[in-house]
Amino acid sequence: MITTRKLSNGIRVIMEEIPSVQSIAIGFWVRTGAIDETKKNAGISHFVEHMMFKGTEERSAKQIASDIDKIGGQMNAFTGKEATCYYVKSVYDNYRKAADVLIDMLENSVFAKKEMDRERKVICEEIKMTKDSPDDLAHDTLVEQLFKGEQLGNSIIGTPSTLNGITHNVIEKYVKDQYVRESMVISIAGRFDVDDICGYFEDKFASLGQRKTSAKPADPKYTPSCKVITKDIEQSHVCLGTKGMTLKDDRSFAFQILNNVLGGSMSSRLFQNIREEKGLAYSVFSSNGNFSSDGYFEIYAGVSHDKIKDAILAIKEELDILAESKVTKEELESSREQMKSNYVFSQESTSTRMILNGKNYILIDRVFLPEEVMSKFDAVTLEDLEDVKQLICDFSRYSAVAVTNKKINLKSIMEQ
């Protein structure tokens, strides 16, 4: 059962009761991320997320970790393009002690200069790690290309240069402006009493502001582009992508099924053609990313340096086949069952349910009940797939990124 409430402090709460478990997952969602940043302070949302764990007026960084460990809890956080989430999981009886720590972090973090200087170095190592992971680098670069000139194209992690410009005062102002009650959602899943938990949160976060002013996002025209990044690596990593659909689009369930048919499983068309039949790649798959106002579709392949062209042309071949012929009924039914099973499996984790509910509620103000999700997958028809495939079959609309060991004319390959 999913319940939503708006507390007297202005914060919205979404709660999914799962009486059969003994745990509770609590997530504090703040609608701020890379889209709220400028070129000058790129990476500040992620920097703030790190700094929230580095000490408050009452707790040191060690004490924050220790207080969670004492109750056997698990705590973490992540930053995205549109939102930041801090979450904790514990047994039900300890939920107040667990939540107290996160509330203290969000309300009373001190952002000490010494800790900031240390954490900058940690994040710079994280940046290096991403650059040393060519598949991640290819993906991140592709997203930047797809949303070039838009806030969604902003880097989540920033650069060493922008991090050096983020001072104590800059962080304090950012938190004051962005961490406001109107922009917060508390997502809870597991075992709890609704009235008890709402009563606990009713008077929390009083020190935070009420509202923030959001800048109007830019809306530039999308133009496909190509980019090659050269690195001394043993395998080339290719990402192709085009614009997709938003989280709000009701066709997303059909799109998920179509994505699975094309490249979401071992029986998918891309896997069977490019890996099993042609032997061009060890890993090849497709995926889709959704935001509140936009989205993208991506195809990835890890190939030998001399097989980049062959792999790209094989991907184009599959997209052409998809455009010219219908998805079979067998493919639809198989993919439908896979998507339903994946959803059922994900529902067995209180943390996953908390994250899914929180993300949808804070970004699109919508709740998807489990029975609604299953019925929407069941309702997808072959005609629905014919409709949504128009979004991804036009190869001329694809941007491309290749991380490889030497310069290549990627644009020429894409135009063949």
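**Close-up views of charged residues and a helix contact**

**View 1. E318, a buried acidic residue without a partner.** In this predicted model, E318 is buried but forms no salt bridge, and R269, its nearest side chain of opposite charge, sits 5.0 Å away. E318 belongs to helix α11 (residues 308-324). Leaving aside residues up to four places away in sequence, E318 touches L262, R269, L270 and N273.

**View 2. Helices α9 and α12 in contact.** Here helix α9 (residues 252-263) packs against helix α12 (residues 329-346) at about 110°, with the axes 9 Å apart. That angle makes α9 roughly perpendicular to α12. From α9 come Q256, I257, N260 and V261, which meet E331, L332, S335, R336, Q338 and M339 of α12. Sorted by class, this contact has 4 nonpolar, 4 polar and 2 charged residues.

View 3. E333 and R336 pair through their side chains (3.1 Å, N to O). Both lie in α12, 3 residues apart, or about one turn of the helix. E333 is partly exposed at 32% relative accessible area, whereas R336 is buried at 6%.

View 4. The side chains of D196 and R96 meet at 2.9 Å, N to O. D196 is in helix α8 (residues 194-201) and R96 in helix α3 (residues 95-108), 100 residues apart. D196 is partly exposed, at 26%, and R96 is partly exposed too, at 38%.

**View 5. A salt-bridge network.** Take a look at R59, D67, K70 and D104, which salt bridges link into a network. Across the whole structure, a search finds 30 salt bridges.

Technical notes. Residues are numbered from 1 along each chain as its sequence is written. This is a predicted model: local features need pLDDT of at least 70, side-chain atom pairs count only at pLDDT 80 or more; totals for chains, interfaces and linings use all residues. Side-chain values use heavy atoms; hydrogens and water are left out. Axes are lines fitted to C-alpha atoms, for helices over the stretch in contact, and angles run from 0 to 180 degrees between N-to-C directions. Helices (H or I, at least four residues) and strands (E, at least two) are DSSP runs, numbered from the N terminus. Angles under 35 degrees count as roughly parallel, over 145 as roughly antiparallel, 65 to 115 as roughly perpendicular and the rest as oblique. Contact means heavy atoms within 4.5 Å. Ala, Val, Leu, Ile, Met, Phe, Trp, Tyr, Cys and Pro count as nonpolar, Asp, Glu, Lys and Arg as charged, and the others, Gly among them, as polar. Buried means under 20% relative accessible area, exposed over 50%, partly exposed in between (1.4 Å probe, protein chains only). Lys and Arg count as positive and Asp and Glu as negative; His and the chain ends are not counted. A salt bridge is a side-chain nitrogen of Lys or Arg within 4 Å of a carboxyl oxygen of Asp or Glu.
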